[in-house]
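Here's a quick tour of a protein chain and the ligand that goes with it. Have a look at the model first, then read on.

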Amino acid sequence: MYKVLVTDAISDSGLKVLYDHPNFTVDKKSNLSPAELKEIMKDYDALIVRSQTQVTEDLLDAADRLRVIARAGVGVDNIDVATATKKGIIVINAPGANTIAAAEHTMAMMLSMARKIPQAHMSTSAGNWDRNAFKGVELYEKTLGIIGMGKIGAEVSKRAKKFGMSILGFDPYLTEERANQLGITKASLDEIAEQADFITVHTPLTKDTKGLINDEYLAKTKKGVRIVNCARGGIIDEAALVRALNSGQVAGAAIDVFETEPASNMELLTHPNAVVTPHLGASTVEAQEKVAQEVSQEIINIFETDSIRHAINMPQVSGEAQKKLQPYIDLGEQIGILSIQLLKHAPDKIEINFYGELAKQDTDLLSRTMIKGILSHHLSDSVNMVNALHLLNDQGVALNVVKNPTSKGFANYMELTLFKGDEQASIGATVLNGYGGRIVKMNEYRVDVRPEQYLLYIEHHDVPGMIGRVGSILGSHEINIGTMQVGRAVAGGEAIMVLTLDKKVDESVAKDLVAMDGLRAVQFLELPTANVPVYH
Ligand SMILES: NC(=O)C1=CN([C@@H]2O[C@H](COP(=O)(O)OP(=O)(O)OC[C@H]3O[C@@H](n4cnc5c(N)ncnc54)[C@H](O)[C@@H]3O)[C@@H](O)[C@H]2O)C=CC1
Ligand SMILES: O=C(O)CCC(=O)C(=O)O
């Protein structure tokens, strides 16, 4: 049974798939202090939060069995993703599920600010009837500058166009084609400053966007510009904004998100030309149901099928692409596990080569699975696909991934080589259509081995009678051989034998084998059962 903890206000109907699932229990606990949350964290496999719960390093240190942190929303600024990654905890979110809510809130804030609706409401509900104090401006035929043309920025542009606004968009990823498709003009930040009557930001908070709208930028804007922030507090420097509101450089500000939340900058919160809401962009019934549904289903998929769609700290692969890569992902982990046994030491360098069609794919998942296999030898369960690269880096192991789209005898081929000083161990593998994974090269020798749980690797001189003698020693120990492969570079030179065995063997067998003339090295290799595919 997997235990899921929900700590912020998350829609119950959205969580229904989890409530109804026989393998999951859900505990909803809100308003816990950090200490109370830390106290219970060790019992949970998954945590669902919105933006209120602070998922800190200290909390994660107490999260012994936590595998997934789900952000029922987009921004993950309240989650220490770096620490989660180190600990191998998957961080997922629900991108897109609250896009419409945030875009509609942006329009509502822009209109409220333009027509001073909150100020007029306060005055009217206090018993006044002042028809002169609240004259507004129209959106019609005004220019709107949108900084950040992602999902929400694009939806805002569509809505603003319907109001008759001209749109200037700035985003490092905005292409001319996309701008044309949206019917907007691609612009620079300075062009937006010079031409826009309204400016709205829709970027994440990053080191580039922190303080993007500051004194310097506001000085370049048109006098009387109106500013909206329904993205992240900190993109607009609040002190600079207050100064510009006071001087009249900025005629109005509509702010949903703040540098610190709950917001405490009273100069801004009470400014007569500011319209403020307490981070309500995603707060609609529909969006909350959708974000909760998306992350609940994703949690079920992760625990039940190992498939992940929206991880922040894992490569994003479409379901279709993952299906195609899956046999290589399984095989990659196997060759990782086997290669470290072959090398017998912790490596100081790893090289991964991808050839053929595989080299044209996003191979990040494959590299991670091999490294997971390698590191699991020393780190066991503490390594997973999320933290594999991080842990490798921590161990100071150099990684070199080479992609070569020309084929190397197989349509798809991957080769993993581990180095420790002058020693090295290398395994090449492919997936044969309809026949599953195959090891086709071990060190410098060509072989054709189906990875099975118990393997015996022997280096020997290529002399007559070797195969028979190895067979009879194994037979004398009652060990059945499944398959046997011999690989050699030249007849009569050095060679290897790779055998699959029906059971684990003990050291006495190795001793008898090593005593044989002409035999250079004997090594038993083992895969965990879970990693061995079943063939029918
Ligand atoms: N107020 C609220 O309740 C909500 C706030 N949000 C926030 O809104 C923001 C946008 O969300 P989405 O559109 O879903 O994200 P998105 O990822 O679809 O779009 C973000 C865009 O910002 C662009 N960007 C990044 N750095 C930039 C820079 N320096 N200059 C210009 N553009 C830059 C990216 O290229 C991307 O196109 C996020 O910060 C998100 O957390 C989202 C939902 C609700
Ligand atoms: O959960 C919320 O209400 C905040 C939404 C938000 O800011 C986001 O999804 O980035």
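What follows covers the overall build of the chain and then the surroundings of the ligand.

## The chain as a whole

Keep in mind that this is a predicted model. The chain has 18 helices and 22 strands. With 536 residues, the globule rule would give a radius of gyration of 24 Å, but the chain comes out at 31 Å, well over that, so it is more spread out than a compact globule. The C-alpha trace tells you about its extents too: about 105 × 50 × 40 Å along the principal axes.

How much of the chain counts as buried? Of the 536 residues, 40% do. As for who touches whom, take the contacts between residues at least 6 apart in sequence: 66% of them join residues at least 24 apart.

## Where ligand 1 sits

## What surrounds the ligand

There are 32 residues around ligand 1, and those that come nearest are Gly75, Gly148, Gly150, Ile152 and Gly281. Two elements give two or more residues to this shell, namely α5 (99-115) and α7 (151-162). Which element gives the most to the shell around ligand 1? That's α7, with 3 residues.

By residue type, the shell around ligand 1 divides into 14 nonpolar, 13 polar and 5 charged residues.

Definitions and conventions: Residues numbered from 1 in each chain as written. Chains lettered and ligands numbered in written order. Predicted model: local features only at pLDDT ≥ 70, side-chain atom pairs only at ≥ 80, totals over all residues. Near = placed C-beta within 6 Å. Helix = DSSP H or I, 4+ residues; strand = E, 2+ residues; numbered from the N terminus. Nonpolar A, V, L, I, M, F, W, Y, C, P; charged D, E, K, R; others polar. Rg over C-alpha atoms; globule rule 2.2 N^0.38 Å. Buried ≥ 20, exposed ≤ 12 C-beta atoms within 10 Å, placed from the backbone. Contact = placed C-beta atoms within 7 Å.
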